[in-house]
Amino acid sequence: MKQQWTLIFGLLFALVIAVFSVVNVESVPVDYVFGSAFLPLILVILGSALAGGFVVGLFGTIRIVRLSRRIRALERELQLSKDLPAAPAAASPDAPSAEAVASAGDDTK
């Protein structure tokens with residue numbers, strides 16, 4: 001249902017931009033860093049809307065790719081943890097034995 005509302009709002013936004021740009025058809029000066037030009041305002045509005053949509057889509061795609069990579073890494077980690085047998089905690093050779101720990105608490109002077 002969320003995707004349907006997103007589509008409806010996107011279409012309404014596109015309709016508003018289209019009507020707004022069709023009403024504004026006179027030529028306007030557009031100043032660039034390297035020069036200027038006279039363009040119809042409809043092209044400026046539509047070009048700006050398309051550039052904004054492209055940037056939003058690019059950032060969304062980058063986010064989706066990052067999340068997909070993270071999901072794959074976490075799934076691999078989960079699979080590895082399932083594949084490894086549950087080994088009992090082996091005492092290291094440097095660790096004191098349980099008997100030594102118990103007798104250390106019994107020292108009375």
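## Helix α1

At 1.5 Å a residue, the 22 residues of helix α1 (residues 2-23) should span 32 Å, and the distance of 32 Å between its end C-alpha atoms agrees with this; the expected span is taken as 1.5 Å times one less than the number of residues. Helices (H or I, at least four residues) and strands (E, at least two) are DSSP runs, numbered from the N terminus. Of the 22 residues of α1, two are buried, so the helix lies largely in the open; buried means under 20% relative accessible area, exposed over 50%, and partly exposed in between, with a 1.4 Å probe and protein chains only.

A nonpolar patch on the surface is formed by M1, W5, I8, F9, L12, L15, V19 and V23, which together have about 860 Å² of accessible area. Patches are made of residues with over 30% relative accessible area and no salt bridge, like charges being joined within 9 Å and nonpolar side chains (Val, Leu, Ile, Met, Phe, Trp, Tyr) within 5 Å; a salt bridge is a side-chain nitrogen of Lys or Arg within 4 Å of a carboxyl oxygen of Asp or Glu. One of the patch residues, V19, lies in helix α1 and is partly exposed, with a relative accessible area of 47%.

## Model and confidence

This is a predicted model, in which local features need pLDDT of at least 70 and side-chain atom pairs count only at pLDDT 80 or more, while totals for chains, interfaces and linings use all residues. Residues are numbered from 1 along each chain as its sequence is written, and side-chain values use heavy atoms, with hydrogens and water left out.

The protein chain averages a pLDDT (the predictor's confidence in each residue, from 0 to 100) of 82, and 78% of the residues score at least 70.

## The chain as a whole

The protein chain holds three helices and two strands, which run α-β-β-α-α from the N terminus on. Of its 109 residues, 6% count as buried. The chain exposes about 9900 Å², of which carbon and sulfur atoms supply 69%; accessible areas come from the Shrake-Rupley method with a 1.4 Å probe, and for residues only the protein chains shown count as cover. Among contacts (heavy atoms within 4.5 Å) between residues at least 6 apart in sequence, 20% join residues at least 24 apart.

E26 is found in the loop between α1 and β1 (27-31) and counts as partly exposed, at 43% relative accessibility. Leaving aside neighbours within four places in sequence, E26 is in contact with L39, P40 and L41. The C-alpha atoms of E26 and F38, twelve residues apart along the chain, are separated by 9.7 Å.

F38 has its place in strand β2 (residues 36-40) and counts as exposed, at 63% relative accessibility. Not counting residues up to four places away in sequence, F38 touches V28 and P29; the C-alpha atoms of F38 and V28, ten residues apart along the chain, are separated by 5.3 Å.
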